[in-house]
Amino acid sequence: MAPYYTSEWRFRPEEPDPGTALSLMFAHLLEGNIKRLNQVPYKSFLAFLNHFNVELAPARPALAQITFKLVEGTPEPVLVEKGIQLAADIAGETEPIRFETARTILLTTADLLEVLAISPKRDRIVILSEDGSSLSNNGQGYALFGDEGENLQEHTIYIQHNFLFLIEHPAFFEFTFFHAQHEGAAMETVKWLSDVEKVQWEYYSDGSWHAFDRVYGHGSVIRLIKLNHKRMDPFEYDESLGYWIRCRAFTLAEQSSASELGKVQFERMLIKSEFAAATDDDGIIPDRLYFNDIQLNAENGCEPFGDFFAQYGLFYVANKEAFSKRGAQLKLSFDAEFLQHRLYPDMPRAINWKPVMKREIVDKVDIPDVVTIASIQWEYWNGRSWAMLPIESEARKMFDKPWDGIAKRELAFVCPEDIEEIVVNAEENYWIRGRIVQINNAYSPNAIYYAPAIQRLRIRFGYEQPLFSPQRLLTINNLDLKDRTNEIHSGGMPFRPFLSLGGQAPAVWLGFDIPPQRGPINLFVVLKQRQVTASDVPFIEWEYLKSVGGSSIWAPLAVADDTNGFTRSGDIQFVGPQDFAHETFFGKKRYWIRAVNRDGRYNLDSESTMMPRILHLALNTTLAVQQNTIVHELPRKMEFYDTAQEQTSEYYVLAATPVLEEEVWVDETEHLTLNEIELLQQTGIKLNIMEDSEQEILRVWVCYRRVEQFLRSGSSDRHYMIDHATGRLSFGNGKLGKALPRTGVDLVRVTYTSGGGKRGNVPAGAINTLQSSIAFIEGVTNLYAAAGGCDAGTIEEAVVRGPKRFTHRNRAVIAEDFEWLTREAHPNVAKVKCLPNVNVKLEKEIGTLSIVVLPKSGIGNGAHFQELKRQVEASLLEKTASNIAFFGNLQVMEPALLEIGIQATVWVRNMDDVVPVERELTRKLNQFLDTLTGNADGKGWNIGQIVHHSMFYALLKSVGPVVHIPQLSLDVYKVENGERVEWNPEKIVDLPHSVVVPGQHRLIVELHK
């Protein structure tokens, strides 16, 4: 119309006029109206969803395990009530992030000193933690049951005898066993203890234990033979330094034949040792020989008393091995001969010369006097003086009469019982000596000395029969050392040296320094994540050692086990009884609690790969929630005109948002009679009645119940609705839900908690402040990062979720229902896939469901996922069929990660493009493989989606300079439960629970023209 009525308007932007301005204004207003009209369907859709109470997914608070540390010397346990506030100061936050304890806990003064894994059937004792040591083991943890770890179990008899076992040369030992009450028991004992398949007899030498060369048993005697020349060294055991022999059982495990060793018993033992001679001429070479203070060597021949022996000359012989054997038959054998020595060999004979002499006078020869050792006194040192050895008289006169040539001689005697070591010529040893007490022709001026010479001096020892009991006899079983010396000396008290672990079922033992009494006491257990089905859950029974009179017995201990039999991380809560026993087990005197696997599942070899692995165990640890509790707030009242109802309506708004939990109270004092109050109490509705001193009712507060909508609320139903994101409270109108009384200023009061959001996921150690001091608490900390906090959902997510409510109607029937209900259960769910009739081990099992969930907060974050898993499972179990709603039938699991790496060769024409192309290809590949924002549509990768190498050709060619791709392949690695293994790209289809993540790319850019 403008050209006809306003032809002067030119509508030229370069020459604007009033017409141009008016048309531009009209276009702008029209565009705004069109936009608003286009939003009408969307706003109507939102109003429709609001009518069915489709809300934004509420924010979730972070959860953290808080460990309290008591001041050293705290006299008694400290009670920490529920709701105690803590804070974490985080850089970048304007105010501290507040947490509150989720339950009441009693902080015990007891310290957990030992954690042991005990398996009686396998005969295993493994110390997992001692004196509070860490259980992490580089993030792998320790197996609570099974065959892992160093087995400290030992079944050993330690026998000490400081002179019988002082051996260096080949020897044999005899042990004679006695059992007066049962003669056959001694023979059975010898039979089992001489079986080298079951036990090993050992001696200590050169810093380690060595097995004897031969072991024989006959009747009630065991003979041990040592054929080598290794010295048996002293060994300190149980604070006793001496010479030991031990008998070590390999095992008493039930599956081995050695379990019969538990029947070994005896009451006394006698021992003997003897030099083991290969030939009649063998013997022990003396340690040292001296003539007075001159050292001699008897191997090549020596004169023990010198060439010109004199009265009281001394010949010393030392040998620790032989001369220490008190009561033994000792024999010194040697080759002896006499060597002649003239005192004055060149002195001429004195002749009384005369002019005439007879020939016989001139030729007369003087015959020298023969000087020999008439008597030798053989002596030993008894600790006080040199005493005579008990030898025969012939031995004293063995060098009295000379003989021609070399003859064998022996010196035999019984080793005195009181022989002791002494220092001779600066050497401490066991010594005997020969002292010359009489010499024939000792003072003759014309003497020829017949000095005895000896060579090949050898010593042998032995006993005719065993004479000695062990000086000490110790047994060690189950790390418990028992001194059996008194029993073995006195006899009459048979005992079993080998004792097995009691019972059959494997168990975890906890040892405390003082009894953990009263409660509730919390024990926080962190286990390595693993996939567990319902059939994998073991039967775990908790017990404590109870004092009954002067003895102790195992009694049941009632616990709240959130770990579900060590199948997941969680709390173990108990109330400690007052009758703990203080007993010694495994060498430690402690107050004991144990968890026993009664069904013996962890005794089975088939379960070796499913053993729970513990990463951390902490006392005085409880759950804290990122929230702030507001008590008795009077919400702000808001009024508005409801055009649909054509009346003024009202609602209430809370000050702090988002709201996590709330309790709404309404003052109905002037609207309730006494009969109505009594009726409300009978129906279970919570009331808070305030009375004066004369028990007259002043105020009556009634607790209302939250509903999602008022469609099913009657006119007298005390219901309310709340929008947790905005803190808006709505009450009924008298038809749908009971209307509020119209009188009173403080008509409604609310006690609620507010908090939540990602900001609560603070790192480990950040929660370190108590908002109010508590006596005897030194400090607090979170050993692990807080987890589970996430922000409220978005409108876009609600728009997608809302219509699905009309499909599943809040009940899970088909796989798609489970997936949508999982998204509604927690706002941190990014992707989800339901695997029907498949358990978490990916095995076919009818009636089970596995829900694979990919969290928004990140992949592989175990702490976050565990909290998400708990909440999603709890929500789904309420909404599924009764035949599925059991633990193990429905489980949430984390996806396996498929690291996809591209190995490719690409061609470019320009050398300047090589580096830029390589960088751009890497960027595009990582962007394409991003789990949440990758893939061709930018919406990420679905769980179980197949990846094929053909997907990447077009992606790589989209980089301009790339002209050809001669080679391209996939490098695939599967990461699950902390293990990374290479995977065949053709078998990705076998991993329906996997999700794609970027891997390591190997790109080669080549120049081709």
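**Exercise 1.** Decide whether Cys-790 is buried or exposed.

*Solution.* Start from the cut-offs: buried means under 20% relative accessible area, exposed over 50%, and partly exposed in between (1.4 Å probe, protein chains only). Cys-790 has a relative accessible area of 3%. Cys-790 is therefore buried. Cys-834 has 6%, so Cys-834 is buried too.

The values come from a predicted model, in which local features need pLDDT of at least 70 and side-chain atom pairs count only at pLDDT 80 or more, while totals for chains, interfaces and linings use all residues. Residues are numbered from 1 along each chain as its sequence is written, and side-chain values use heavy atoms, with hydrogens and water left out.

**Exercise 2.** Find how many disulfides there are.

*Solution.* Look for pairs of cysteine sulfur atoms within 2.5 Å, which is the rule for a disulfide. The count by this rule is zero.

**Exercise 3.** Describe the surroundings of Asp-480.

*Solution.* First, the accessibility: Asp-480 counts as buried because its relative accessibility is 18%. Next, the contacts (heavy atoms within 4.5 Å): with neighbours within four places in sequence left aside, Asp-480 touches Thr-475, Thr-584, Phe-586 and Gly-587.

**Exercise 4.** State which rings lie under the charged ends of Lys-226 and Arg-268.

*Solution.* Apply the rule: NZ of Lys or CZ of Arg must be within 6 Å of the ring centre and within 35 degrees of the ring normal. For Lys-226 the ring is that of Tyr-203, with the charged end 5.9 Å from its centre. For Arg-268 the ring is that of Phe-178, and the distance to its centre is 5.0 Å.
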